[in-house]
Amino acid sequence: MASRADQVPVVLLDPWPRSRAMVLDAAVEAAIAAFGELHAHWEGGRMPDARVEALLPRTVLVLGQTHLPAERLARAPHLRAVVNLKGNWEPHLDYAACRARGIEVLSIAPAMAPAVAEWVLGAILDRLRGLAEADRAMREGREAYGLAGNR
């Protein structure tokens, strides 16, 4: 007979290369705890395969870059979503198998888009106006004034 612990949903948090501070605060941890059992791997690198395999039968959500080919997805009957915490699309997940099973595949990339766009705009302005070079020149005491500064 299965114990109550065997029936509690699992959230598998395999965030490499993200750190704990980047993905989890007290409020998020509390929300996950209210939802199910959090199993996180913080030791550097991906969660060991043996641990992933042991958790798959109860896993409902994967947060991270866990390798999930179709064969492994088949061993996760309750899996409902995979959230990519790195922001890029790597060949670690069988997207077709996820689609066929109705498993949502989500990414944090859209949350990064405004910051990336702002950085790109800043880099363009810097290159057009020489802002970083002008700042370096001022700090080193070699800045130009008047007409000489209007190059």
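Visitor: Which residues does Thr-59 touch, not counting residues up to four places away in sequence?

Guide: In this predicted model, Thr-59 touches Val-10, Leu-12, His-78 and Leu-79, leaving aside residues up to four places away in sequence. Thr-59 itself lies in strand 3, which covers residues 59-64.

Visitor: Is Thr-59 buried or exposed?

Guide: Buried means under 20% relative accessible area. Thr-59 has a relative accessible area of 1%, so this residue counts as buried.

Visitor: Let us turn to the sheet. What is the order of its strands, and is the pairing parallel or antiparallel?

Guide: The general idea comes first: strands of a sheet pair through backbone hydrogen bonds, in either a parallel or an antiparallel way. Here you can trace an open sheet of 5 strands in the order 2-1-3-4-5, with parallel pairing. Strand 2 (37-40) and strand 5 (104-107) are the edge strands, each pairing on one side only. On average, neighbouring strands of this sheet are turned by 15° against each other, direction ignored.

Visitor: Over how many bridges do strand 3 and strand 4 pair?

Guide: Strand 3 and strand 4 (residues 81-84) pair over 3 bridges, in the parallel sense.

Visitor: Now the charged side chains. How many salt bridges are there?

Guide: The rule asks for a side-chain nitrogen of Lys or Arg within 4 Å of a carboxyl oxygen of Asp or Glu. By this rule, the count comes to 9 salt bridges. One of them joins the side chains of Arg-20 and Glu-29, at 2.8 Å from N to O. Arg-20 is partly exposed, with a relative accessible area of 37%, and Glu-29 is partly exposed too, at 30%.

Visitor: Which residue forms a salt bridge with Arg-58, and where in the chain do the two sit?

Guide: The partner of Arg-58 is Glu-37, and their closest N and O atoms are 3.0 Å apart. This pair links distant parts of the chain: Arg-58 is in the loop between helix 3 (49-55) and strand 3, while Glu-37 is in strand 2, 21 residues apart. Arg-58 has a relative accessible area of 19%, so it falls in the buried class, whereas Glu-37 is partly exposed at 26%.

Visitor: What about Asp-49 and Arg-72: how do their side chains meet?

Guide: The side chains of Asp-49 and Arg-72 meet in a salt bridge, with 3.2 Å from N to O. Again the pair links distant parts of the chain, with Asp-49 in helix 3 and Arg-72 in helix 4 (residues 70-73), 23 residues apart. Asp-49 is partly exposed, with a relative accessible area of 49%, whereas Arg-72 is buried at 7%.

Definitions and conventions:
Residues numbered from 1 in each chain as written. Predicted model: local features only at pLDDT ≥ 70, side-chain atom pairs only at ≥ 80, totals over all residues. Heavy atoms only, no water. Helix = DSSP H or I, 4+ residues; strand = E, 2+ residues; numbered from the N terminus. Buried < 20%, exposed > 50% of the residue type's maximum accessible area, 1.4 Å probe, protein only. Contact = heavy atoms within 4.5 Å. Pairing = 2+ DSSP bridges. Axes fitted to C-alpha atoms, helices over the stretch in contact; angles between N-to-C directions.
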